[in-house]
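Please keep the sequence and the structure side by side while you read. The paragraphs below walk through a few selected places.

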Amino acid sequence: MAVGYLTEQNIQVSRGLVRGSTTLNIFGYNTSITTSFIPAWEFASVYVYPSSAITMTVTSASSSDNGKTLLIQGLDANHTEITDTVTLNGGGDVNTNIPFFRINNVVLTSGTVNVGLITIQNTGKTVNYAGVRAGDGTNQNSIYTVPAGKEFYLYRIDAFSNDSTAPKPGLFRNFVRNASGQEYTVARTTFYNQMNIQRRIPFKYTEKSDIQLQLRTASGTYEMNVFAEGILVDVPRTMQV
């Protein structure tokens, strides 16, 4: 069975029935993107990665979030997948139990929804590494780092430019930094209103790659969104360094 790029195999991957493979969806938006390329994430700024694994400080802006639990999924200094659960101190700070080198996902796991903006920062609270907007319950950002021992195969990217004042294009850029620190813009395009890219052959990201799906406006400030999907697969042990 196949409907467009939807196949029976892809459905089985989503169901968790294909060993060594999982689906990966990347969603990101920001209501205040300007003329500088940034990932679509919770803050209207460029994203800066930690230079080493660090303890993170988690803060909710609302005392109503006190006692709610937050699951943080990311990578350690070896790019190995790690998770941590913290209990929010509404209006105050709480530190993670383990250091993080990368943060890939943040999900509220109790308390229905977060009332205040949740920030995840360095302990000095000078750099944002992740966040959850009030009412979202999970982070929504177009940033992902491929874990060690895995590869990510990108199938689809959609982007949206919500400028209602005049027919001006949005701009998209696929930015990648590999494990050795080399940086690449592997794709770039302009689009009006909506961009849809469906790859017949998926684009491969190797392990430890930092991925940012970035957007900017031609002029002005307005909301932009990006959605991407693909499959994360285990690298055969004979291929791992």
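Predicted model: local features only at pLDDT ≥ 70, side-chain atom pairs only at ≥ 80, totals over all residues.

Residues are numbered from 1 along each chain as its sequence is written, and side-chain values use heavy atoms, with hydrogens and water left out. The pLDDT, which is the predictor's confidence in each residue on a scale from 0 to 100, averages 92 over the protein chain, and 90% of the residues score at least 70. Over residues 1–5, however, the pLDDT is below 50, and this stretch has nine contacts in the model beyond near neighbours in sequence, a contact being heavy atoms within 4.5 Å.

Asparagine 30 belongs to strand S3, which covers residues 21–33; strands (E, at least two residues) are DSSP runs numbered from the N terminus. With a relative accessible area of 4%, asparagine 30 counts as buried, because buried means under 20% relative accessible area, exposed over 50%, and partly exposed in between (1.4 Å probe, protein chains only). A polar atom of the asparagine 30 side chain lies 2.7 Å from the backbone nitrogen of serine 32. Once neighbours within four places in sequence are set aside, the residues in contact with asparagine 30 include Trp41, Phe43, Tyr222 and Arg133.

Side chains of opposite charge can pair when their charged atoms come close. A salt bridge is defined here as a side-chain nitrogen of Lys or Arg within 4 Å of a carboxyl oxygen of Asp or Glu, and by this rule the count comes to 11. Arginine 133 forms one of them with aspartate 136, the closest N and O atoms being 3.8 Å apart. Arginine 133 is buried, at 13% relative accessible area, whereas aspartate 136, at 24%, is partly exposed.

In the salt bridge between lysine 68 and aspartate 65, the closest N and O atoms are 2.8 Å apart, and both of these residues are buried. Arginine 156 and aspartate 158 also meet through their side chains in a salt bridge, at 2.0 Å from N to O. Aspartate 158 is buried at 5% relative accessibility, and arginine 156 is likewise buried, with a relative accessible area of 14%. Elsewhere in the list of salt bridges, shared partners join Arg102, Arg177, Glu183 and Asp210 into one network.

Note on methods
Helix = DSSP H or I, 4+ residues; strand = E, 2+ residues; numbered from the N terminus. Polar contact = N/O pair within 3.5 Å; in protein donor to acceptor, adjacent residues only side chain to side chain.
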